[in-house]
Amino acid sequence: MRKTLQEKMFHEMEQKDIFRQAQNYAFDYADHVLERNVYPTPDAIADLDMFVEKLPQSMGNAAEILEQLNQYGTPASVAHTGGRYFGFVNGGVIPASLAVRWLSDFWDQNTALYVISPVASKLEEVSESWLRELLGLPGKVVAGFVSGSSLAIFCGLAAARYRIFQNNNWDINKKGFCGAPKVRVVAGRQAHGTVVKAIALLGFGIDNIEWAETDAQGRIIPSEVPELDESTILILQAGNVSSGAFDSFDELCEKANKAHAWVHIDGAFGLWAAASVLLNHLTKGMEKADSFSVDGHKTLNTPYDSGIVLCNDKEALTNALHASGSYIAYSENRDGMLYTPEMSRRARAIELWAALKYLGKEGVDELVSGLHQRAVQIGQELKAENFQILNDVVFNQVLVACDSDKITVQTMRHIQESGECWVGGASWDGKAVIRVSVCSWATTEGDITRSVNAFVTARNKAVHELRNT
Ligand SMILES: *Cc1c(COP(=O)(O)O)cnc(C)c1O
C-alpha cells in the first residue's frame, strides 16, 4: 500500500540510510578534495543542466535525490576546502567546526529568542565574550551573529546612524530622513563594495560619501581625512581586499575620538590579525573604535555563513536593529534577535564557538600567522620566478603581475584552467593583477610550491600564445 508522506519521513528518520549515504559521499569528497582539480572541469559545469527539469508532480525518493546531487553536484563544486584555492577571500573549514555543524543540523535551532533555543543563546553569549578577549576589545562590546560582513557592516553603520541622530534629538527610526539633521560619512577611497552598499541601504547616499585619499597600499592617508565632528561616521579598514593593508587605527581612532565621531572598522578577514602575536601590530589602537565587522567564514575557517558585528554601544545597536520598541524587552538571558536585523536565524554561533574552543588562543594565533607565512612564501617564490609582487605582503593577500596586462590576464586564465590552483583577477593602480589570497588552514608549503609551478607553466603558455598572434 502507498505510504503517506508522514509515514515515509518517519521511516527515513528511523532508518537513517539517507544520512549514511550522505556521510559516505561526504567522506569520499574529503578523501579526494586535496588532490582533485581545484575548479570544476567544463564538462562538470555542462552537466549541471541535469538539474534543470520540471518541478516534480509527485513525491520523490530521498536516496535518488542524494545520488543525483552527488553525481552532478560534487564534481561541479569548487574545492574551497583543499589547499590550493586562492580566489577572492574564502576560508577553508575547520574539521571540529564542521562536525559540530552536523550535530547541530539535527537540532535545527532558531536563535531569535532565549526561549526558542537556550543552547544557541548560551553559545552566542560565550562566543561573544571569547571574541572580546581574543580581539582585545572592551568589556561592554556586544556581538550580533549574522550571515557575513556585508550584513555586519550594515549593522555597525545602522548603530552609528541611530546614535548620531539620537545625540541630535532625532529618532531616525520614527522620523526617517525627511527634515533630519545632517550626518556625514567619511570612507577611504579603497573601501570595500559592501561598505558602499551599506551606505546606500541606510539612506546616506553614495554621492554624499566624503572620500579620504589612500596611499599606494590602499591605506587612508591620515592627513587626507577631512575634519571630523560629532555627526561624522568614519569607516576604516582592517585588511584591504586586494593588498591586505590596514589603516592606521591608532592615529585615526584617536583623532575621531577627540572629535566625538563614530568609527566603524571593516575587518572582514583582517580583524583576526589582533589575535596573532606576529601580526597584532597591524591592529594597534583598533579597540578605540565604536563598531567592527568581521567574518568567521574567511580567516577563522568556520563553515559558511558566519559574520559578526561587534559594537561597544549596545543601546545603539539594539535600537537600530529593532525599530519597534516593544521588542526591546531584554529578558534576563541573551535574546539573539536584538543584535541582528533578522528574527529567525540559524544557530551559526555554534560553529564559531566550536572553532574558538578547538583552536584556543594559541591555535587562532597559529592559524592566522600561518596564512601570513604561506602568503609571504608564495610572494617570495613568485618573485624568484620573475613575477612582480605589487603589494607589501603584510597579511594574507598577494598581488601578482607579469610583464604586461595581456600576459597577466592570459596567465590567470591558464592557471584557472589548469585545475592546479585557482586565483582571481583585479586591477590595482590601473594595472591588471592576479590576486592570491591564502585563507585555508589546509594550505601547505608544498601547495604553495606546486601553485608557483602552475603560475610558471601558465605564463610560458601565455607568452608563447601572445608571441604567435
Ligand atoms: C569579504 C569582505 C566583505 C564582505 O564580506 P561577506 O562576508 O562576503 O559579506 C567586506 N569587506 C571586506 C574587506 C571583505 O574582504
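A polar contact is a pair of N or O atoms within 3.5 Å; within protein, one must be able to donate a hydrogen and the other to accept it, and residues adjacent in sequence count only if both atoms are side-chain atoms.

This is a predicted model, where local features need pLDDT of at least 70, side-chain atom pairs count only at pLDDT 80 or more, and totals for chains, interfaces and linings use all residues. Residues are numbered from 1 along each chain as its sequence is written, and side-chain values use heavy atoms, with hydrogens and water left out.

**Stop 1: the ligand**

Select the side chain of D266. One of its N or O atoms sits 2.9 Å from a nitrogen atom of the ligand. Move to K298: a side-chain N or O atom there is 2.9 Å from a ligand oxygen. Then pick the backbone of S149, where an N or O atom lies 2.9 Å from an oxygen atom of the ligand. On its own, the ligand has 380 Å² of accessible area (Shrake-Rupley, 1.4 Å probe), and the protein covers 85% of this.

**Stop 2: the shell**
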